[in-house]
Structures are given as C-alpha cells and as structure tokens.
Amino acid sequence: NFLFLFQVPLRMNSYQKSFLSSFNSETSALLASLLFDQKDYSSLPLSEASSLGALYFLSSSGFYFSLLLKGVEKGLTHFISERKSKITSLLIGSLFLILTPSKLGVWRVLLSRLFILLLGKDYHPLLPSTLSGLILILFDPLSPLRDGFLLGEGLSIFSKLGYLYLSSLE
C-alpha cells in the first residue's frame, strides 16, 4: 500500500546512531564523517584532517567510497566469483545513495563500477570514468562546476593515465 510509506517513514538517524555507538568517540567521528557526511570538528583527527584539507578532498571526490567498495569486492572474492562480488559490492554501494543522495562522488563511483561490470574485461581504462562523467553531466549540466565532480573525475582520469603510462614502460 502506497500510503503505508507515509505512515511509517524510514528514519535513518536511529540506525546511524546505533551503528556509531559501537565505536569509540574518535572512530565514531571519523566514520560519521566519511559514511554519513556528519562532521564533528571537536574530534582531534577530524580537526587535523580538516586543517590539511584532506577531509574535504576525501569526502567530496568519492575516493574513500571507491576504496571501501574495492575492499568489499576483494573480500567477497574469497567466497564467491569475481563477477558476483562486483555485483554485490555495487548493491552494497547503492545503499549509500539512500544516506547521501546528493554526493557526486558516490554517484560517480557507482556509475563507473556499473560500466566496468557491463563492459566486461575488454575496454579502455578511461572509458568507465569518462562515461560516468558524461552521465552526470547529462543529468545535471552544472555538475562540472561542483568540487566533487572536478576532484573525483580529475583523480580518476589522472590515476588511469598514470596507470597507462606506467604499463607502457614495461
């Protein structure tokens, strides 16, 4: 029933608080910042990372999210096939869209991983990053003006170009 959704809304804050309560204060502050975009600058690691600009870079580019999904994928390959682990990490990653739907880094990483899954093994390394950037531009033509887009796409394309250069040296 459609009206049921409005009678019992999904309250994510209680789930976030119960998840974070199992960690100490510093770890909880870091996880809340990275996973849920909640920043407590009274925490020492967050204040130091913020003063260095690293917190903003990691948060907006989707870099940490990509590492998280890569770790989940590598961990799952011990139990299931590589393709199934990619699909499972993509499904787990899509749950983060519920928590942070406005973060371009999350969208970019998930779109890139989706294209990697769909393209198989024979594709140019720049293709998934480029396609994800084009999709984001199609849905929001102003997205290239946002820091999350510039940092994420720039880092992704730069790392792929570095990989291509280093592999050509062999």
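A pocket is an open set of grid points with protein on both sides within 12 Å along at least five of seven lines. The exercises below use this term on a predicted model.

**Exercise 1. The largest pocket**

Find the volume of the largest pocket, the residues closest to its centre and the elements that line it.

Solution. 
Step 1. Start with the volume. The largest pocket holds about 590 Å³.
Step 2. Go to the centre. The pocket has 22 lining residues, and those closest to its centre are Ser 66, Lys 70, Arg 113, Ile 116 and Lys 160.
Step 3. Assign elements. Two or more lining residues come from each of α6, α7, α8, α9 (127–139) and α10 (147–168). The largest share, six residues, belongs to α6.
Step 4. The lining of the largest pocket has seven nonpolar, seven polar and eight charged residues.

**Exercise 2. The chain as a whole**

Describe the chain: how many helices and strands does it have, and what percentage of its residues is buried?

Solution. 
Step 1. Count the elements. The chain has 10 helices and zero strands. Read from the N terminus, the order is α-α-α-α-α-α-α-α-α-α.
Step 2. Look at burial. Of the 170 residues, 31% are buried.
Step 3. Check the contacts. Take those with a separation of 6 or more; 51% of them join residues 24 or more positions apart.

**Exercise 3. The cavity**

How many cavities of 30 Å³ or more are there, and what lines the largest cavity?

Solution. 
Step 1. Recall the idea of the search. Rolling a probe the size of a water molecule over the atoms shows where empty space is left.
Step 2. Count. There is one cavity of 30 Å³ or more.
Step 3. Give its volume. The largest cavity contains about 50 Å³ of space.
Step 4. Name the lining. Lys 86, Ser 89, Leu 90, Arg 113, Ile 116 and Leu 117 line the largest cavity. Helices α7 and α8 each give two or more residues to this lining.
Step 5. Sort the lining residues. Three are nonpolar, one is polar and two are charged.
Step 6. Link back. Leu 90 and Leu 117 also belong to the largest nonpolar core. Arg 113 and Ile 116 are among the residues closest to the centre of the largest pocket.

**Exercise 4. Buried, partly exposed or exposed?**

Classify Glu 73, Ser 66, Thr 77 and Lys 17. Then describe the surroundings of each.

Solution. 
Step 1. Set the cut-offs. Buried means under 20% relative accessible area, and exposed means over 50%; partly exposed lies in between.
Step 2. Take Glu 73. This residue sits in helix α6. Its relative accessibility is 3%, so Glu 73 is buried. Beyond four places in sequence, Glu 73 touches Ser 85, Lys 86, Ser 89 and Arg 113.
Step 3. Take Ser 66. Helix α6 also holds Ser 66. Its relative accessible area is 27%, so Ser 66 is partly exposed. Setting aside residues within four places, Ser 66 contacts Val 109 and Arg 113. Gly 93 is 27 residues away in sequence from Ser 66, and their C-alpha atoms are 9.1 Å apart.
Step 4. Take Thr 77. This residue lies in the loop between α6 and α7. Its relative accessible area is 34%, so Thr 77 is partly exposed. Not counting residues up to four places away, Thr 77 touches Glu 82 and Ser 85.
Step 5. Take Lys 17. Helix α2 (residues 12–20) contains Lys 17. Its relative accessible area is 63%, so Lys 17 is exposed. Lys 17 and Ser 28 are 11 residues apart along the chain, with 9.5 Å between their C-alpha atoms.

Terms used:
Residues are numbered from 1 along each chain as its sequence is written. This is a predicted model: local features need pLDDT of at least 70, side-chain atom pairs count only at pLDDT 80 or more; totals for chains, interfaces and linings use all residues. Side-chain values use heavy atoms; hydrogens and water are left out. Helices (H or I, at least four residues) and strands (E, at least two) are DSSP runs, numbered from the N terminus. Buried means under 20% relative accessible area, exposed over 50%, partly exposed in between (1.4 Å probe, protein chains only). Contact means heavy atoms within 4.5 Å. A nonpolar core is a set of buried Ala, Val, Leu, Ile, Met, Phe, Trp, Tyr and Cys residues joined through side-chain atoms within 4.5 Å. On a 1 Å grid over the protein atoms alone, a cavity is a set of points where a 1.4 Å probe fits but cannot get out, and a pocket is an open set with protein on both sides within 12 Å along at least five of seven lines; lining residues have an atom within 4 Å of a point. Grid points are joined across faces, edges and corners, and a volume is the space filled by probe spheres set on the points. Ala, Val, Leu, Ile, Met, Phe, Trp, Tyr, Cys and Pro count as nonpolar, Asp, Glu, Lys and Arg as charged, and the others, Gly among them, as polar.
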